[in-house]
Amino acid sequence: MVCYHGVSTCSRAGRHWLLLPRREFERQVRYLSSNYCLLPIDAALSALYEGKLTEPTASITFDDGYRNNFEEAFPVLTDRQAPATIFLATGFIGTARRLWTTELELLFEQAGPVSVDLRSLGLGRVTLGDADRVRPVALAVNRAAKRLSPADRAATISGIRQQVGSAVADSADSFAFMGWDDVRRMETSGLITFGAHTVNHEIVGRVDAEARHREIQDSVARVDTELSGDHRAGVSRVFAYPNGAVGDFSDACAEELRAARCTAALTTVQGLASSTHAPFEVRRVVVSGDMRFSEFCARTSGLVGND
């Protein structure tokens, strides 16, 4: 199971780890389609847990639902007739919203030489303005903020914004979300299916029971509603956990997903999917924008990378 997030028009590794250059995506899809039986995630997991996989098999997945999935990735998948599943953070689809992680990174990228007090996150006081420091600072802040409750995180981001200023839109619009019309257009191709990825991209293993219920149940229901009728075949019964690391999901999440009629859930724990792992703890090969092709081949083959 291969996990992507975004595909960029850039021909080289982009400034953000989530964005894979389109040329590299084309190369990877070509490799997968030549060396593996490509199946939609539901069919692949069903065969895996029923012991019916008879040849090397892979599934292509995307998390979040960025517009570049439609504009950049979809033509490549169509050209190779490669199926894929996109997991949607449903509260962002068809809106101008961005993930809070994206907003923070834009704030830091656009900041001048300003000192920012990050002591509430255990990161001390940091001076921005040095391009080489922006990415590690943003990653450290995002990592720390993910451990906060939604309310505390919002207050922390507000405090950072007051110190740094407001970010303007990314000129490349790299992290704009697709609309529901885009979703339905891809679904009619017969290649792309869609699953839920929460409403607000909350880490479901780190919120209270009420928020967990809402994020899971409402996102699954929204995908069902938007892809009803003739589009019903495009609905995946698999769920993808936001962030998806160990600690970001739990037995309580699995119970909630079963109640939502989901059959499996995907993590971002690096490694190959195996029937020895629980269906609601499926591993994936997570592809970063700067991953070398040799590493991609080694990870997808299982030569390296099992965490």
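This is a predicted model: local features need pLDDT of at least 70, side-chain atom pairs count only at pLDDT 80 or more; totals for chains, interfaces and linings use all residues.
Which residues lie nearest the centre of the largest pocket? They are Trp 17, Leu 18, Leu 139, Lys 146 and Asn 243, in a lining of 31 residues. Residues are numbered from 1 along each chain as its sequence is written, and side-chain values use heavy atoms, with hydrogens and water left out.

On a 1 Å grid over the protein atoms alone, a pocket is an open set of points with protein on both sides within 12 Å along at least five of seven lines, a cavity is a set where a 1.4 Å probe fits but cannot get out, and lining residues have an atom within 4 Å of a point.

The largest pocket holds about 810 Å³ of space, and the elements giving two or more residues to its lining are strand S6 (60-64), helix H4 (100-110) and helix H5 (131-145), where helices (H or I, at least four residues) and strands (E, at least two) are DSSP runs numbered from the N terminus.

Turning to the cavities, the search of the whole structure finds 2 of 30 Å³ or more. The largest cavity has about 50 Å³ of space, and its lining includes Lys 146, Arg 153 and His 201. The second largest cavity has about 40 Å³, and strand S11 (235-240) is among the elements that each supply at least two of its lining residues; the largest share, 4 residues, comes from S11.

Definitions and conventions:
Grid points are joined across faces, edges and corners, and a volume is the space filled by probe spheres set on the points.
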